[in-house]
Amino acid sequence: TKWQAPIGPQVEWSDVVATGRLERRLVLVDTFTAGGFYGVVQGALAAGRDLEWATTGVVRASNIDLESVFQSLARRPGDEASAPVRRAAMNGTAVFDLQASGRGETLHEAIRSGALEGPAQVRFGILNGINLG
């Protein structure tokens, strides 16, 4: 519970499952699933080391609740549960199918410096109260 991924928005996930294998210079995550209040993200990741670490993978989601993500990011440590929730600047449901890649001296650095690219959509999008539909 309350797990945060080393990359991406620093939201907390309540259920994370991964399968794969570890070797001296190779990390394979055949599948991972991260679920939470915002929705579910799935994917796979491979990382290997020759002269430096290199990562590659895929990250997919079909129903991420953006309002919940932005509200979570707006909360600060120590906020009380009774504090008023600020209205999110953007609402809608995110859908994405992204490719991940990164390089670095350490595995941590390769993951943290990684980039995601690919198609993304926001269904039922509202930005600052303006319907983008």
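Is Ala46 buried, partly exposed or exposed, and what is its relative accessibility? At 23% relative accessibility, Ala46 counts as partly exposed, because that label covers what falls between buried (under 20% relative accessible area) and exposed (over 50%), using a 1.4 Å probe and protein chains only.

This is a predicted model, where local features need pLDDT of at least 70, side-chain atom pairs count only at pLDDT 80 or more, and totals for chains, interfaces and linings use all residues. Residues are numbered from 1 along each chain as its sequence is written, and side-chain values use heavy atoms, with hydrogens and water left out.

**View 1. The whole chain, piece by piece.** Here you'll find two helices and eight strands, which are DSSP runs numbered from the N terminus (helices: H or I, at least four residues; strands: E, at least two). Walk along the sequence and the order is β-β-β-β-α-β-α-β-β-β. The C-alpha trace spans about 50 × 35 × 25 Å along its principal axes.

**View 2. Inside the chain.** Of the 133 residues, 27% count as buried. Take the contacts (heavy atoms within 4.5 Å) with a separation of 6 or more: 49% of them come from residues 24 or more positions apart.

**View 3. Ala46 and its surroundings.** Ala46 sits in strand β3, which runs over residues 39-49. Skip the neighbours within four places in sequence, and Ala46 is in contact with Val27, Leu28, Ala54, Thr55 and Thr56. As for Arg21, 25 residues away along the chain, its C-alpha atom is 9.9 Å from that of Ala46.
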